[in-house]
Amino acid sequence: MSESNGYAVRTAGVWKIFQQEAEEVQAVRDVSLTIGRGEFTALAGPSGSGKTTLLNLIGGLTRPTRGEIWVAGSELGALSNRELAQLRLEQVGFVFQAYNLLPVLTALENAEFPMLLQGVPAAERSERIRELFDRTGMTGLEDRRPGKLSGGQQQRVAVVRAVASQPALVLADEPTANLDSHASEALLDMMAELNRELGVTFVFATHDGHVMERSRRLVRMVDGAIDSDETRS
Amino acid sequence: MRARPSLHVGVILMLAVRNLRRNLRRTILTATSFVIGGALLTFSQTFDAGTHEQMVDSGVRTGSGHVAVEAPGFRVSRRIEDRLPGSTLQLVRAAVASPPGAERVTDVFYRLTVHGLATSATGARPAQILGVDPTIEAALSPLDEQVVEGRYLEADDRLAAYVGAGLVDALDLRIGSRLVLMAQDTHKEVAGQLVRVVGIFRTGIGELDESVIHVPIATAGEWLGIGDDVTNIGVMVDSSLAVPEIVRHLGRELAEPIARGEAVVMGWQEAMPALYTMIVFDEWVGFLVLGILFVIIGFSIINTVLMSVLHRHREFGVLQALGLTPRQTSSVVLVEGLLQTVVCTFIGVGLGLAVTAALSDGLDISGLYGSMDIGEVEIVGVTVDPVIVPVVNPVRILQILGFMLFVGVVSSLYPALRAGTIDVTESMKFER
Ligand SMILES: Nc1ncnc2c1ncn2[C@@H]1O[C@H](COP(=O)(O)OP(=O)(O)OP(=O)(O)O)[C@@H](O)[C@H]1O
Ligand SMILES: [Mg+2]
C-alpha cells in the first residue's frame, strides 16, 4: 500500500492482445506509465493506437494479456471480478464519449448513483451534488432526464457523477468528441477547475487539439505503444 | 477499499421499477398476458374441479358412495358370501355421528347387490338386482327421478320392483307385470322371488337401463336368507376433498371388524377406479392444454424482455463501469422480470378465484349441449347436472401458483443471464 501514496495509477509492461480470427491485434504494447495524483493527462494518438484499450485496462473493464496495473495501491490482476467492480466503484470515475447516463434516472439521480452504491449518507450526497452542480452551472437542471438535456449538459452530469464519488482518478474517453467547440471548451474549463481546486486526477483519451493543449502532460501513442511523453510546466 | 461490498438491493430494485415504468406499454402488455393466463388457468381449474365434483357426486350416488364399506372380497367376487353383517351398518352410523364425521357426512346408504336372472313369460335376462332402502335411495340416487312410467319404490312396498326400460322391453313387461328374480342363496341353491313391476326408469345409459332392478332390501334379505346383512355401505360427504379424512376416521372407528377381516373402508377412487382414472385423465388433459398455453406466454415474456435487453447493452455497460458486478447487472433484469411476473401471478390467480367466487351459485352449461331436452347431461357414462359449481382445491391453486412462478422465474432468468454476459468494452463503443 505504500506505493499508493505517490501515484493514482501505474502500469508495468502492459500488453493487450486481441485474437481476431487467425490474426492477433496488439492493441496495447508494453506500456509502462505512472500517473501521479492530481495530474491532468491526455492520451493522444491516431485512431486505433490503443487509447481506449489502455483506459479500459486501467479502469479494470478488461484484463491485460501481460503486465501489471496498480490503481490506488491495488494490483488489478490480484483482484476477483467482484473486487474489481468494487474498485471501479470506489476508485475510478468514467466519462465516455456520449450516452453514458442511465436514461431512467434524473440528472441528480445519475450524478449521485455511485454514491448510492457506495452507501454515502443522503445528507452528504446532496451536499456534494449541490456543490458540484453549482460549480458546473447545472443548478436548476437536477430533475431533468438525460433525454431532456443537451449533449454538453449530459457530459457535465457524467463528469459530476465521476467526480462526486471521490475516486482516485477519472478516466475520460473522448469526452468532447460529440460536443461543439463552445461546449467542449466549457466542459474542459469545468474539468480543469475541478482538477485545480479539488485535486481530481483526470486521464483523457482524445483526438481533440483543445484537450491536448489544455492538458499538463501529453502522452502520445502509436500502434499500441507510448511514442512520447511530455510534461509542461 | 471497503471490506464487504454491498449487494445494492435497494438500487437494483429502484432501477427495475424505473425500467418497468419507462416501458409502460411493453410492461402492460406482458403483465396483461400473464394476468389473463393466470386467471384462465385458475378459473378453468376450479371449473374443471367443479365438473369433476359433479361427476364424482353423481357417480358415487349410484355407485359406491364417497366412502365405501364392504367385505374384503366383495370388490372382486361380487357374491353375497362376501357380505357385511348387519351390525356393521350400526357401527358406521355411530361413527359418522362423531366428529369429524358429523360435520362432513351428509348421508349413509346401504345396499344388497346381487347378480341374478330376471325371468318373465317371454324369457330370461341377466340382471343386477339391488336391494335398497326405498326412502334413503329416493333421497339420494338420481334414479327415482328418471321414472318414465309408474313410480319409485316406497317404504311399505314388499314385492315391488323398479325396472330399467331396456329390461322391460326385452322381457315384454308393463306396470303390474309379474317377474321372477333368481339368484344363488347362502346355501348355494338357486332361489326364486316373485315381484311385480311398480315403476320403469330410463337413464339413457344402456348398461343401466338393460340390467338394473331395484327391490326393497327387506324382500331381498328374506329371499336370499341373509336377514339384515348388506353387501355395500356408502357414505356421502359434503365435498370430495373430505374423503381422505373420512376414510381415516372410519378406519379408526371400524378397527375391530377390519382387524377380524370382516370389512374394508375405501375412498371412491379405489371403489370406482374407472371413474377415478377418467377424472385424472381429464384433469391432466386440462393441465396439459393450459400448461402449453402458459409456456407460450413464458416464451413471449422471454422474447419481450430479451428484446429490451438487446437494446440496453450500453446501459448495462455503464452499470458495470460504475461498479456493479455482472451478476448484479443480471439481477437488475431478473428483478424487473420477477417483479412483474410475481405481481401478475398473484393478480391473475386472484382474478381467477374472484370469477370462481362470483360463480359460486353455479354456471349453467346446458347451452353447450344444444337442443338436448333432458335435465341432465351424460359425460362418459355418468349423468351430470348441467349446473357446474366451481370448486377451489387449495392444493391445486398452490400448484398453479408454483407453476406460474416457475415460468416467471425461468422466463426472466435467460434474459438476465444475457444481460450479465455482455462485453462491457464492446457495449461502450460509441458506434453502437
Ligand atoms: N475487442 C476487440 N477485439 C479485437 N480488436 C480490438 C478490440 N478492441 C480494440 N481492438 C483493436 O485494438 C486496436 C486499438 O483500439 P482502440 O479502440 O484502443 O483504439 P483507439 O486509440 O481508442 O482508437 P480511436 O481513436 O478510434 O478511438 C485497434 O486496432 C482495434 O481494432
Ligand atoms: Mg478510442
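**Entry: a pair in chain B**

I looked up Asp238(B): its relative accessibility is 42%, so it counts as partly exposed. The cut-offs I used: buried is under 20% relative accessible area, exposed is over 50%, and partly exposed lies in between (1.4 Å probe, protein chains only). I note that this is a predicted model, where local features need pLDDT of at least 70 and side-chain atom pairs count only at pLDDT 80 or more, while totals for chains, interfaces and linings use all residues. Residues are numbered from 1 along each chain as its sequence is written, chains are lettered from A and ligands numbered from 1 in the order in which they are written, and side-chain values use heavy atoms, leaving out hydrogens and water.

Next I asked which side chain Asp238(B) meets in a salt bridge. It is Arg104(B), at 3.1 Å from N to O. A salt bridge here is a side-chain nitrogen of Lys or Arg within 4 Å of a carboxyl oxygen of Asp or Glu. Asp238(B) sits in the loop between strand S9 (232-237) and helix H10 (243-253) of chain B, and Arg104(B) in helix H5 (residues 101-104), so the pair ties together parts 134 residues apart in sequence. I took helices (H or I, at least four residues) and strands (E, at least two) as DSSP runs, numbered from the N terminus. Arg104(B) has 26% relative accessibility, so it is partly exposed too.

I searched the whole structure and got 27 salt bridges over all chains. I picked out Glu109(A) with Arg18(B), whose closest N and O atoms are 2.5 Å apart. This pair crosses between chains, from helix H3 (residues 107-118) of chain A to helix H1 (residues 9-22) of chain B. Are Glu109(A) and Arg18(B) buried or exposed? Both are buried.

Then I checked Arg130(A) and Glu127(A), where the closest N and O atoms are 3.2 Å apart. Both lie in helix H4 (residues 122-135) of chain A, 3 residues apart, about one turn of the helix. Arg130(A) is at 54% relative accessibility, so I logged it as exposed. Glu127(A) is at 42%, so it is partly exposed. I also found a network of salt bridges linking Glu131(A), Arg135(A), Glu193(A) and Glu197(A).

**Entry: a sheet in chain A**

I traced an open sheet of 4 strands in chain A, in the order S2-S1-S4-S5, with antiparallel pairing. Its edge strands are S2 (23-36) and S5 (74-75), each pairing on one side only. Two strands pair if DSSP finds at least two bridges between them. I found 2 bridges joining S4 (residues 66-71) to S5 in chain A. Val71(A) stands opposite Ser74(A) in S5(A).

**Entry: ligand 1**

I located ligand 1 between chains A and B. How many residues surround ligand 1? There are 16, and Ser47(A), Gly48(A) and Lys51(A) are among the closest. A residue is near a molecule if one of its heavy atoms lies within 4 Å of it.

A backbone N or O atom of Gly48(A) is 2.8 Å from an oxygen atom of ligand 1. A polar side-chain atom of Lys51(A) also lies 2.8 Å from an oxygen atom of the ligand. From chain B, a side-chain N or O atom of Glu426(B) is 3.3 Å from a nitrogen atom of ligand 1. H1(A) gives the most to the shell around ligand 1, with 3 residues.

Methods:
Polar contact = N/O pair within 3.5 Å; in protein donor to acceptor, adjacent residues only side chain to side chain.
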